[in-house]
Amino acid sequence: MDDRDAACHRALILDARVFRSLNALGWSGWKAAGTRHWPTRYATYVSSMHGWASSLGVTGHWLEWLLFHLNGRVDEP
């Protein structure tokens, strides 16, 4: 079954490169989630990414790819 057109937020991959970019932008998963509980922090990350992507007119996967590509170097031209 293919759920690419589903209305729900699809899972994303929060790896070290994406995490470096989020930290460089001042985002903290545990602060955003209000807990250090990992599953809640991850769900907050997925929800946040899809929300930001929607406001930018892109997909969550594309925004995640950009953060992965930047690898924490968010202030470089």
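This briefing walks through the helices, the core and a few individual residues of the chain above. The model is a predicted one. The chain holds four helices and zero strands, and its elements run α-α-α-α from the N terminus on.

**The chain overall**

- Of the 77 residues in the chain, 27% are buried.
- The chain exposes about 5300 Å², and carbon and sulfur atoms supply 57% of that area.
- Among contacts with a separation of 6 or more, 64% are between residues 24 or more positions apart.

**The nonpolar core**

- As background, nonpolar side chains in soluble globular proteins tend to be buried together.
- Here, the largest nonpolar core has eleven residues: Leu-12, Leu-14, Val-18, Leu-22, Trp-27, Tyr-45, Val-46, Met-49, Ala-53, Leu-63 and Leu-67.
- H3 provides the largest share, with four residues.

**Where H1 meets H4**

- A pair of packed helices is described by the angle between the two axes and the distance between them.
- For H1 and H4, the axes come within 7 Å and cross at roughly 85°.
- Angles of 65 to 115 degrees count as roughly perpendicular, so H1 is roughly perpendicular to H4.
- On the H1 side, the contact is made by Arg-17, Val-18, Ser-21 and Leu-22; on the H4 side, Glu-64, Leu-67, Phe-68, His-69 and Leu-70 take part.
- Sorted by class, the residues of the contact of H1 with H4 are five nonpolar, two polar and two charged.

**Where H3 meets H4**

- The axes of H3 and H4 come within 8 Å, and their crossing angle is roughly 100°.
- This angle makes H3 roughly perpendicular to H4.
- From H3, the residues Tyr-45, Met-49, His-50, Trp-52, Ala-53 and Leu-56 meet Gly-60, Leu-63, Glu-64 and Leu-67 of H4.
- The contact of H3 with H4 has seven nonpolar, two polar and one charged residues.
- Glu-64 and Leu-67 take part in the contact with H1 and also in the contact with H3.

**A closer look at Leu-67**

- Is Leu-67 buried or exposed? Its relative accessible area is 6%, and because buried means under 20%, Leu-67 counts as buried.
- Which residues does Leu-67 touch, not counting those up to four places away in sequence? They are Arg-17, Val-18, Ser-21, Leu-22, Leu-25 and Met-49.
- Of these partners, Arg-17, Val-18, Ser-21 and Leu-22 belong to the H1 side of the contact with H4, while Met-49 is in H3.
- Val-18, Leu-22 and Met-49 are also listed, with Leu-67 itself, in the largest nonpolar core.
- Leu-67 and Arg-17 are 50 residues apart in sequence, yet their C-alpha atoms are 7.2 Å apart in space.

**A backbone detail at Asn-71**

- Asn-71 is found in the segment after H4.
- Although Asn-71 is not a glycine, it has a positive phi of about 50°.
- With a relative accessibility of 17%, Asn-71 counts as buried.

Definitions and conventions. Residues numbered from 1 in each chain as written. Predicted model: local features only at pLDDT ≥ 70, side-chain atom pairs only at ≥ 80, totals over all residues. Heavy atoms only, no water. Helix = DSSP H or I, 4+ residues; strand = E, 2+ residues; numbered from the N terminus. Buried < 20%, exposed > 50% of the residue type's maximum accessible area, 1.4 Å probe, protein only. Contact = heavy atoms within 4.5 Å. Areas by Shrake-Rupley, 256 points an atom, 1.4 Å probe, with all protein chains shown as cover. Core = buried A, V, L, I, M, F, W, Y, C linked by side-chain atoms within 4.5 Å. Axes fitted to C-alpha atoms, helices over the stretch in contact; angles between N-to-C directions. Parallel < 35°, antiparallel > 145°, perpendicular 65-115°, else oblique. Nonpolar A, V, L, I, M, F, W, Y, C, P; charged D, E, K, R; others polar.
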